[in-house]
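Hello,

Here is the structure I promised to pass on to you.

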Amino acid sequence: MASITAKDIEKNICRDLTDKFLAALDKGEIPWEKPWVCSESGYIGSSGKPYGVLNSILCAMNGHEAGEFVTYNELKARGGSFIPKADGSKQEPTIIVYRGKSAYRRKDADGNYIPLKDENGKPMYKNGKPLYEMGSRWVLSTAKVWRIGTQVDCKTKYLQKFEKKAHNKIDHAEKIIIDYVAREGVKIIHAIQNRAYYQPSTDTVNVPPMETFSTVEGYYDTTFHELAHSTGAENRLKRDIKNVFGDHKYSKEELVAEITATMIMHDNGWNTPKTDRNADAYIQSWGKALRSDPMLIEKAMSAADKAVKRIYGKE
């Protein structure tokens with residue numbers, strides 16, 4: 001009897017997963033469930049609106065967890081004050097970027113300001129000074145903000161509360177993640193937000209904190225999915241990861257990431273009925289692309305196999 005090699009076992013796992021994913025397409029519609037239960041607010045500004053990706057990253061890079069941030073004027077308006085630092089130094093603000101409208105005086109073809117005229121066509125004045133036609137344009141501006149609770153003391157207006165979950169970390173999963181990010185230089189940012197994603201431009205993986213997930217397995221499944229995306233970077237496996245949502249290449253990359261995460265979870269026995277069900281739901285969401293390209297699952301499996309080896313450090 002021929003001996004079974006590690007490569008044979010690997011092929012069997014790939015074959016079983018391929019059959020599993022294809023079978024998922026024939027099941028009734030399976031709804032995907034978000035595995036984390038954090039507030040949808042994340043990083044919030046003085047207006048009550050959540051910050052976008054850029055400003056959320058700026059806050060996280062300054063060492064802040066998600067929360068509510070205020071400008072100096074808003075802090076004073078709420079009757080708040082700065083929290084003294086242990087060494088007596090000032091609380092450093094986070095510089096955020098926003099787009100706003102700026103007024104300007106309009107000019108004619110000769111470069112002269114255009115006078116504002118009344119209904120009779122006569123120039124208008126105010127306090128003896130001429131008035132001019134005004135326009136507005138979008139400009140990028142910056143603002144200084146501080147985090148409520150750690151940098152400034154004042155009441156929050158908009159932050160939604162959520163119940164943190166106490167989870168025990170899986171040591172081997174932690175080792176795989178720590179070794180990979182140390183080896184590859186990828187940075188993981190844990191921020192309370194309503195999505196997990198990989199940012200190619202900064203080579204950062206953004207994942208909600210473990211305590212916001214309903215299960216510890218859901219946290220690792222999500223983290224490995226996003227780490228899988230990072231393996232496709234130009235300095236790694238060079239997959240086409242900068243594509244448009246919904247197109248064929250996007251479908252393939254999402255399949256690669258989901259299959260990679262599923263392979264790692266199954267390989268280590270960390271998968272649960274809930275993570276398997278979510279994987280089926282995710283694969284099923286790309287059913288149209290899979291049915292239009294019968295080879296897509298095979299291509300995605302091959303790319304996922306390389307991604308798993310990259311994460312394991314077994315290239």
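Among the contacts in the chain with a separation of 6 or more, 73% are between residues 24 or more positions apart. Please keep in mind while reading that this is a predicted model. The chain has 315 residues, and 43% of them count as buried. Its secondary structure comes to 9 helices and 10 strands.

Let me begin with the sheets. One of them is open and has 3 strands, in the order E1-E6-E3, with antiparallel pairing. E1 and E3 each have a single partner strand, so they stand at the edges and one side of each is left without a neighbour in the sheet. Between E1 and E6 the antiparallel pairing runs over 2 bridges. If you want a place to look, take Phe 69, whose bridge partner in E6 is Arg 147. Helix H2 lies across E1 and E3, and its direction is at about 140° to E3.

Another open sheet is built from 3 strands in the order E8-E10-E9, and here the pairing is mixed. Its edge strands are E8 (187-190) and E9, each of which pairs on one side only. From one strand to the next the twist averages 25°. E8 and E10 are paired in the parallel sense, over 4 bridges, with Ile 189 opposite Asn 206 in E10. H2 turns up here as well: it lies across E8, E9 and E10, running at about 100° to E8.

Now for the aromatic side chains. The count of aromatic pairs is 7. One of these is formed by Tyr 51 and Phe 69, a tilted pair with 6.1 Å from centre to centre and 40° between the planes. Tyr 51 belongs to the loop between helix H1 (6-25) and helix H2 (53-61), while Phe 69 is in strand E1 (residues 69-70), so this pair links distant parts of the chain, 18 residues apart. How buried are the two? Tyr 51 has a relative accessible area of 13%, so it is buried. Phe 69 is buried too, with a relative accessible area of 0%.

Tyr 113 and Tyr 132 make a pair that sits in a partly exposed setting. Their ring centres are 5.6 Å apart and their planes are at 55°, which is why the pair is tilted. Tyr 113 is in the loop between strand E3 (94-105) and strand E4 (125-126), and Tyr 132 is in the loop between strand E5 (129-130) and strand E6 (134-147), so the pair ties together parts that are 19 residues apart in sequence. The relative accessible area is 38% for Tyr 113 and 22% for Tyr 132. Elsewhere, ring pairs join Tyr 72, Phe 82 and Trp 146 into a cluster.

Finally, the charged pairs. Over the whole structure, a search finds 8 salt bridges. One of them is between Arg 78 and Glu 74, at 2.7 Å from N to O, and both of these residues are buried.

Asp 203 and Arg 236 form another salt bridge, with the closest N and O atoms 2.7 Å apart. This pair links distant parts of the chain, 33 residues apart: Asp 203 is in the loop between strand E9 (197-199) and strand E10 (204-207), and Arg 236 is in the loop between helix H5 (216-230) and helix H6 (248-267). Asp 203 and Arg 236 are both buried. The two also belong to a network of salt bridges that links Glu 184, Asp 203, Arg 236 and Arg 310.

Arg 239 and Glu 253 are joined by a salt bridge as well, at 2.8 Å from N to O. Arg 239 is in the loop between H5 and H6 and Glu 253 is in helix H6, 14 residues apart. Are these two buried or exposed? Arg 239 counts as buried because its relative accessibility is 15%, under the 20% cut-off. Glu 253, at 5% relative accessibility, counts as buried as well.

Best wishes

Technical notes. Residues are numbered from 1 along each chain as its sequence is written. This is a predicted model: local features need pLDDT of at least 70, side-chain atom pairs count only at pLDDT 80 or more; totals for chains, interfaces and linings use all residues. Side-chain values use heavy atoms; hydrogens and water are left out. Rings of Phe, Tyr and Trp (its six-membered ring) pair if their centres lie within 6.5 Å; planes under 30 degrees apart count as stacked, over 60 as edge-to-face and the rest as tilted. Buried means under 20% relative accessible area, exposed over 50%, partly exposed in between (1.4 Å probe, protein chains only). A salt bridge is a side-chain nitrogen of Lys or Arg within 4 Å of a carboxyl oxygen of Asp or Glu. Two strands pair if DSSP finds at least two bridges between them. Contact means heavy atoms within 4.5 Å. Axes are lines fitted to C-alpha atoms, for helices over the stretch in contact, and angles run from 0 to 180 degrees between N-to-C directions.
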